[in-house]
Amino acid sequence: MIWELDMAILTLVLFCAVGAITVKDLLGAAILFGAYSFMMCLLWAIMGAVDVAFTEASVGAGVSTVFFVAAVFRTTRRTKD
Amino acid sequence: MSGIVATIIAKYNYWIYICLMMIGLYAMITKRNLIKKIVGMNIFQTAIILFYVSIGAKRGGTIPIIEHAHGGQSHAVEAVHYINPLPHVLMLTAIVVAVATLGVALALAIRIYNRYRTLEEDEILSRIRGS
Amino acid sequence: MKKLGLLLVILSGALLLYATVDFPLWGDPSSPASLHVSPRYIEKTMEETSVPNIVTAVLADYRGFDTMFETTVIFGAGVVCFLLLRVLGGEEGDHYYRHLPTGVTIHVKGAKGKSLSGEFERIDMLWTPYDLVIKTACRIMIPFIQIYALYVIAHGHHSPGGGFQGGVILGASVILLAISQNLRTALRRIGEKTVGILCAIGVFIYAGTGALCLALGRNFLDYAALASVLGTDPVTARSHGILIVETGVGIAVMATMIWIYNNVSSAGRYDEGL
Amino acid sequence: METVFSIKPLLAVLVSVAAVPFLIWSRNPNTRETWTFAAAFVKFGIVLSMLPAVLSGTQIVCKVAQVMPGMAIAFRVDALGMLFALVSSSLWIVTSAYSIGYMRGLNEHGQTRYFCFFALALSATIGVAFAANLFTLYLFYEMLSFATYPLVTHHQDQEARSSGRKYLLYIVGTSIGLVLPAMITAYALGGTLEFSTKGFLAGTGSPALLTALLFLFVFGFAKAAVMPLHSWLPAAMVAPTPVSALLHAVAVVKVGVFSVVRVITGVFGVDLLQSLHLSPVLTAVASVTILVGSFVALSQNNLKRLLAFSTIAQLSYIVLGLGLLSPKGMTGGILHIAMHAFGKITLFFCAGAIFVATGKKNISEMVGIGRRMPVTMSAFFLGSLSIIGVPPCGGFISKWYLVTGTLEANQMPILFVLLASSLLNAAYFMPVVYRAFFCTPEEALFENRVQEAPLFCVGPPVITAAISIILLFYPQPFFRLAESAVRAITGG
Amino acid sequence: MSHHFPALLVIAPLLSAFFISGAGWLNRRFCLPLAVASLGVAGLSALSLFWRVVQQGPVLYRLGGWDPPWGIAYAVDFLNAPVLVLICIVALLNLWASHRQVEEQFKEKTGAFYTLYVLMVTGLLGITVTGDAFNLYVLLEIASLSGYGLIAMGEDRAPLATLNYVYMGTIGACFYLLGIGYLYIVTGSLNMADIARILPGLYENKAVLTALIICLVGLWLKMAFFPLHVWLPNAYTFAPVPSAALIAPLMTKVMVYVMIRLMLTVFTPGYVFSTLGINDAVVWFAVIAIVMGAILALGQRDLKKMISYIIVAEVGYMVGGAWLGNRAGMTGAILHIINDALMTLCLFLAVAAITYRMKSYTFSSLKGLIRKMPFTMGAFILGGLSIIGVPPTCGFFSKWYLITGALQAGHYGFMAALLFSSLVNVVLFFRIIEIGFFEPFNEGHGHGEHGPEPMNEAPLSILVPLWIVALGLVVVGVYTSEIITHVLQFAIPKAIL
């Protein structure tokens with residue numbers, strides 16, 4: 001575990017999260033959410049939780065994002081906030 | 001100075017998880033777009049997973065897969081050498097639950113969109129009142 | 001509303017922060033969490049289950065019951081998505097077909113969908129041509145993804161991974177097919193009914209293994225009971241039992257991921273999808 | 001005191017419930033009425049069969065179910081309960097006959113429903129009479145409230161609806177809002193709810209708490225119509241007259257008073273009340289109700305409303321008698337349950353008979369009616385004499401005992417209240433009778449073709465009036481019951 | 001076999017869920033028998049477990065053969081045995097009553113509906129029987145997730161109501177998970193009994209306090225405790241009746257059970273009632289919940305919504321009773337779990353019968369209903385009387401204990417709230433009776449024998465279960481003493497006086 005790396009990624013995660021909920025485009029939010037998940041996955045890999053990281057990489061960054069995109073595609077990208 | 005740095009390192013994970021959780025919660029409470037709320041919900045859930053994984057972290061421990069040689073008898077295993085595996089197990093479950101909830105929530109959002117042609121909660125409510 | 005929400009959030013955040021004061025330090029090897037229950041898993045896994053990946057052992061054996069329900073949650077989500085979104089039998093209306101060699105589009109009005117000969121392809125009104133590069137690249141990638149997924153499932157005992165991750169990757173490979181070509185192509189490979197039944201079968205393998213242990217006279221999910229069936233000693237039987245249930249998890253997760261994707265991406269109409 | 005186990009009390013309670021399915025399934029009115037009569041007679045028979053045992057000082061007990069630790073659905077037949085059960089079960093027979101005449105005479109709708117709920121209400125009344133503990137009493141008290149609601153609102157019109165609302169608001173509101181907490185407090189204090197001759201609350205709580213409890217009970221049993229919780233009774237007069245007669249002169253209101261009596265004697269005990277010096281307060285409340293009720297009755301034009309206010313006043317006689325805490329006074333109060341019942345039901349029957357025959361409800365429209373309906377109005381006269389408390393009617397006895405009770409307790413003001421009330425009674429009843437009989441032919445408001453109501457309507461008031469007279473000369477069963485009840489209460 | 005009942009209890013419905021799901025694709029006729037059979041097996045297991053607990057005391061079942069703090073254990077004791085029986089009975093009766101409607105409404109999706117139905121029951125049974133705090137979370141998610149599916153298939157507005165439920169429910173479940181995490185970080189264990197063993201040394205720890213608060217808030221969200229109830233009325237109102245009649249009686253009640261379980265078994269009464277000083281505050285919250293629930297119920301113009309708000313008030317009863325901190329209050333709360341589930345089931349089955357015939361459940365559609373559907377309305381009134389708290393129906397007895405508890409604790413506000421809500425319930429139910437009884441008004445004075453108006457009762461398949469429940473209300477009421485002396489009194493630790 002390298003704590004400098006850990007802290008840097010933690011901060012990045014924070015940015016991604018804020019971005020995902022503030023961006024005024026649902027597709028953008030979905031993609032930012034994917035990035036957020038991927039950052040999380042890195043974080044967990046650093047902390048030694050390899051299985052969790054693996055799962056998050058395939059589920060959070062992968063399938064969840066696909067679901068989001070599919071749902072946005074089926075509905076609308078428009079959002080007021 | 002080093003004391004402060006040590007404290008920050010020691011608790012930074014927990015602080016960030018609280019921040020993330022609050023971001024998610026805030027999004028769920030105040031956002032009016034249904035999908036945005038779902039994004040908030042996922043951030044919220046992931047933050048809790050981060051919290052659990054942080055519990056499991058162990059300084060000087062390695063990933064919880066025991067080093068062994070095929071066939072050969074493995075040497076005695078010491079707990080301090082490996083990261084606590086239990087939170088990881090729990091969080092695998094939590095991730096699965098999160099994606100399951102996500103699927104259901106998105107399905108609901110799509111149905112709502114098909115009915116009202118919008119995802120904004122206030123617009124939906126005004127349409128319900130209007131009809 | 002915004003202000004109230006902010007206040008609530010700050011309040012609960014403050015409560016949570018307040019508690020961190022009494023937390024053990026991050027990564028402290030002598031924290032209660034590292035001392036009470038988990039050491040036993042680390043120290044005894046090899047001799048009790050003969051699985052080096054402790055996470056897999058705990059996941060599928062010590063706390064195998066949790067995992068069974070975790071898989072059930074996924075299965076339930078699949079059923080819910082199907083129940084909510086799937087539009088059954090609503091095939092009335094206009095249909096479009098494209099003649100593959102020429103690219104001519106036919107518009108059939110007000111009839112039930114019928115399958116024309118292989119030269120025609122059913123399309124949606126908003127049809128965009130597919131990119132040949134993507135199509136081909138994905139076609140090449142998909143088998144490798146699938147083989148990797150099988151490896152992840154099978155090698156979960158020794159390396160990160162296991163039924164769940166492998167299942168998701170397997171499902172993702174089919175989803176990739178649906179994205180790169182269209183949903184109908186994917187559905188021809190693995191149909192709706194197959195997916196639905198596979199889902200149930202996957203979880204059933206898990207729960208059924210548990211029930212088998214029960215029938216063989218041990219407690220539910222006590223894989224040691226399988227020793228007599230598999231002809232091995234109890235510890236190896238545990239290892240094999242874990243493999244069996246991981247396979248079940250893999251099947252269930254794969255099928256459910258596909259199922260949810262199919263319903264979400266087509267809003268339950270099972271048309272072209274994304 | 002000897003105690004005998006028997007399921008007779010339970011049977012007495014259940015017999016009318018058991019009749020309900022037969023009532024529902026009987027296709028024609030005659031079978032239905034036969035079943036009603038059968039149930040009424042069986043019930044009366046069972047009650048009567050327990051009389052000798054009770055008179056000889058035996059208690060009959062029957063425990064049905066233990067519902068909570070220290071709390072059971074149980075029956076115990078003692079002298080007080082026997083007296084009340086005897087009155088109500090015997091009057092059910094008469095009222096059934098009267099109901100048939102009245103309902104058929106007016107061709108009312110929903111008669112099956114009417115007879116069913118009537119039977120249920122009677123079950124509840126007997127249940128209250130035989131209840132061995134406060135919980136059983138409360139159970140049947142509530143059952144009675146809900147069983148009488150469809151009877152009160154029988155006409156199903158707007159007036160019935162609003163009266164029904166008022167009825168429930170007062171009755172159920174007080175029983176849940178006042179009695180329930182009082183009962184739970186009593187249970188928490190005494191650890192039991194079983195009635196006993198000495199009460200179970202003595203020495204368990206501070207005087208202030210016990211006083212508050214007593215008033216929660218007295219006002220909580222709003223069926224007793226103690227002011228200021230009386231105004232449901234005039235409102236409930238929208239019900240068909242037989243219902244008013246049995247339920248609002250006999251069953252419902254008497255259940256309220258009976259519950260108060262039970263609480264005073266069985267829960268608190270005379271000694272406790274005496275040591276708390278609550279007698280003056282109780283008697284004061286009762287006196288106010290008596291006087292105000294009588295004054296209001298003076299100004300009523302609707303005959304049934306007049307009777308209702310008269311009932312309000314008369315009920316408080318009973319509370320008053322008990323509140324005196326002297327043996328004579330209590331005997332008078334308990335006897336008044338019976339005496340007032342026979343007198344008042346006669347009056348209601350007469351009012352109903354007049355309505356059936358002429359369709360008139362108001363006193364001002366009844367000038368000269370005595371010439372057309374002499375039998376009915378004679379019965380009315382006798383009934384009113386009983387209420388006023390003059391010979392040759394039974395009311396005299398109870399009033400006599402009440403008066404001696406006041407002397408015994410040395411409560412002169414109460415004596416004046418009783419005398420004033422008697423005068424007021426005379427003042428609102430006698431004009432009715434006078435105008436019915438004594439008027440010039442020109443003043444009479446009736447044509448010649450008005451005749452007596454059908455036999456089923458006229459017979460019952462005659463019977464009850466006759467019983468009223470008989471009771472003056474032969475009050476033995478009731479008198480002995482009242483005496484032995486008082487003996488048990490005072491421990492003498 | 002008999003000592004495997006704790007596992008069988010959960011496994012039978014779980015396994016059948018997969019078969020039902022398969023049968024939904026292959027042959028839909030098998031769905032219902034499979035569901036009935038599996039719930040029957042679960043019910044028998046629950047009954048025999050209940051019997052064994054009463055006879056021999058608590059039962060522990062080690063899943064996977066691992067000892068408790070390491071593996072997951074099922075613990076059946078005096079507290080959850082009756083709840084298990086209750087869940088099975090409610091699920092079976094409702095299945096019986098609603099299968100006709102399900103098949104008419106869901107057609108091709110019948111299989112999926114029954115799958116979720118059985119999964120929901122599995123989840124609820126698992127929540128109740130488990131002795132592992134994290135396992136509870138997973139089962140909670142199963143129950144909630146299938147609940148979302150069941151609710152969302154209702155009317156037009158159901159998906160939106162469900163999505164709100166999903167948001168609130170997820171926050172609730174996550175809060176619970178977080179609370180368990182806080183406990184785990186200071187104790188290192190997930191087994192309830194084990195945590196309780198370690199906890200006494202940590203009473204001063206801030207993380208334990210926070211864990212308790214977060215867990216409670218999470219559970220209150222799930223059980224719709226007053227300010228957190230906003231998801232409930234819409235979700236239950238717009239849900240299809242068969243689902244509402246399963247979820248409304250069970251979900252909130254099981255959550256109350258979980259709260260009591262946490263208070264008694266995990267955090268221990270010593271900590272919850274003595275070390276912390278929050279009893280009074282929580283009871284006052286309950287008072288607000290009861291009063292507001294009652295007032296909001298008064299404002300409703302349809303049956304389902306009215307009952308939903310009554311449930312909100314009833315949750316206040318149970319939370320308040322549990323937090324009074326004395327034996328009577330706790331007894332009342334546990335007893336009310338059972339009673340309220342039966343009462344709610346009775347009311348919802350009556351609503352099911354009404355909806356089946358009238359196709360509507362607004363007040364205006366109830367006109368003249370006592371004539372048209374006398375048996376349904378009879379059972380409905382019986383249920384209403386129980387909610388009001390009239391003896392000998394069971395509602396009276398739990399109210400009795402709750403009020404006794406309030407008296408002993410000197411909490412007169414709670415007592416007043418209970419009485420107030422009883423009075424409001426009188427108004428609520430008699431308003432319905434008035435509509436059913438008086439309207440349409442008879443012309444004239446209602447004189448003259450009418451020809452018999454057409455009676456249009458619901459089918460027997462609804463009426464019979466409905467009346468079983470309605471009579472069950474009285475039977476449970478009469479047997480209160482047995483339930484308390486043989487079961488509930490052992491469920492409450494001796495430390496609570």
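Q: What is the handedness of the crossing of H15(D) and H18(D)?
A: The crossing of H15(D) and H18(D) is left-handed, that is, the near helix is turned anticlockwise from the far one by less than a right angle. Helices here are DSSP runs (H or I, at least four residues), numbered from the N terminus.

Q: Is this an experimental or a predicted model?
A: This is a predicted model, in which local features need pLDDT of at least 70 and side-chain atom pairs count only at pLDDT 80 or more, whereas totals for chains, interfaces and linings use all residues. Residues are numbered from 1 along each chain as its sequence is written, with chains lettered from A in the order in which they are written.

Q: At what angle do the axes of H15(D) and H18(D) cross?
A: The axes of H15(D) (residues 374-388) and H18(D) (residues 455-473) cross at roughly 35° and come within 9 Å. Axes are lines fitted to C-alpha atoms over the stretch in contact, with angles from 0 to 180 degrees between N-to-C directions.

Q: Changing topic, how many residues does chain C give to its contact with chain E?
A: Chain C gives 47 residues, and chain E gives 49. H5(C) gives the most to the side of chain C, with 14 residues.

Q: And what does Leu83(D) touch, leaving aside neighbours within four places in sequence?
A: Leu83(D) is in contact with Ile334(D), Ile337(D), Ala338(D), Phe478(D), Leu481(D), Ala482(D) and Ala485(D).

Conventions
Two residues are in contact if their C-beta atoms, placed from the backbone, lie within 7 Å. Helices (H or I, at least four residues) and strands (E, at least two) are DSSP runs, numbered from the N terminus.
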